[in-house]
Amino acid sequence: MPDWRMFRWRTRRMDSPEHVRKPAVWSDPSKKPFPYQVGFTCPPQDFDAAPTDFLRMAPETVGVHGRMLHIPGYCHQLDQRKRHFQLLEEFVECMASSGADVCAQVGSNWVHASGFGVSGIRDYCRRLSETYETPFHMAGYAMVEALRALDVEKVALNAVYHWPDWWQGTVRFLRDAGFDVTWAGNFVDQGWFPDQATVNDQRWIFDGDLACRSFLHVAEQAGPVDAYLANGMCNFRRESDGLPQRLVALEVELESILGRPVVTHDNALYWRVFRTLGLAPVTRQGKLLSSLCAVDPR
């Protein structure tokens with residue numbers, strides 16, 4: 001297994017201490033604009049909805065800051081994620097020094113693209129959290145943590161728009177974590193689009209009714225499971241006004257139809273962040289996010 005310790009931020013000196021003291025000013029609540037401060041990062045070339053989605057469901061005591069990763073010439077390749085993995089550490093250091101209480105990484109493919117494996121990613125997140133005195137969570141590993149918290153074993157993956165090597169990597173990661181993935185496939189496999197190029201042309205935004213239709217197709221193919229999963233940053237247009245919405249806005253409706261929890265890389269990441277902060281959503285959500293109870297530790 002590759003050693004995550006080789007992926008150090010390229011500007012960090014080799015003799016730097018393993019522990020970086022967070023600026024003491026952030027331990028004084030009166031110096032912070034929000035009692036709870038969350039930093040999000042996402043892959044390049046995608047205006048990410050995660051900070052907005054999270055803020056819409058969070059208590060007003062929560063503030064959010066976004067920081068896009070910068071990879072010139074980025075073209076959504078897994079090897080680009082692996083080569084630039086050190087940017088995640090740069091992100092955590094910048095957010096921690098700016099007063100973030102928790103850092104969240106959007107983008108499910110980074111965990112399996114790294115080659116670290118499940119335990120390697122767990123250790124990587126732990127190391128960054130300890131080094132910069134700020135909890136760091138990755139969407140791909142947050143899904144594993146969420147499924148374990150729900151005590152599920154058999155799952156089916158709606159791989160939505162994800163390219164084959166993307167979602168196949170997710171399946172391997174989930175199986176390595178001990179889950180029984182009974183079926184997985186994207187919109188091409190499900191028969192909604194003729195090829196991957198046509199899917200890519202949608203730029204991750206699809207007709208609103210495809211969300212329900214695709215999950216019902218997955219349910220039919222998979223048979224009995226404990227939970228239904230979905231990859232990535234898929235958006236579906238709201239019927240009333242065409243506004244693109246992520247699955248986190250549709251999870252209540254989908255769960256009522258499917259009769260099982262719907263766990264996505266988005267809602268799993270939000271669940272992990274809320275749990276770290278000791279907070280819970282103020283909006284009506286699906287089973288995973290509704291399992292949280294707000295316990296203000298401050």
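Axes here are lines fitted to C-alpha atoms, for helices over the stretch in contact, and angles run from 0 to 180 degrees between N-to-C directions. Helices (H or I, at least four residues) and strands (E, at least two) are DSSP runs, numbered from the N terminus. This is a predicted model: local features need pLDDT of at least 70, side-chain atom pairs count only at pLDDT 80 or more, and totals for chains, interfaces and linings use all residues. Residues are numbered from 1 along each chain as its sequence is written, and side-chain values use heavy atoms, leaving out hydrogens and water.

Start by selecting 210-222 and 251-258: those are helices α9 and α10, packed at about 35° with axes 11 Å apart. Show side chains for Ala-211, Cys-212, Phe-215, Leu-216 and Ala-219 on α9, plus Leu-254, Ile-257 and Leu-258 on α10; they make the contact (heavy atoms within 4.5 Å).

Next, the sheet. It's open, with four strands in the order β6-β5-β8-β11 and parallel pairing (a pair needs at least two DSSP bridges). β6 (180-185) and β11 sit at the edges with a single partner strand each, so one side of each has no neighbour in the sheet.

Now zoom in on β8, 227-230. Ala-227 and Leu-229 point one way, Tyr-228 and Ala-230 the other, and all are buried (under 20% relative accessible area, 1.4 Å probe, protein chains only). Tyr-228 faces Ala-156 and also Val-262 in β11.

Finally, select 164-176: helix α7 lies across β5, β6 and β8, at about 175° to β6.

Definitions and conventions:
Buried means under 20% relative accessible area, exposed over 50%, partly exposed in between (1.4 Å probe, protein chains only).
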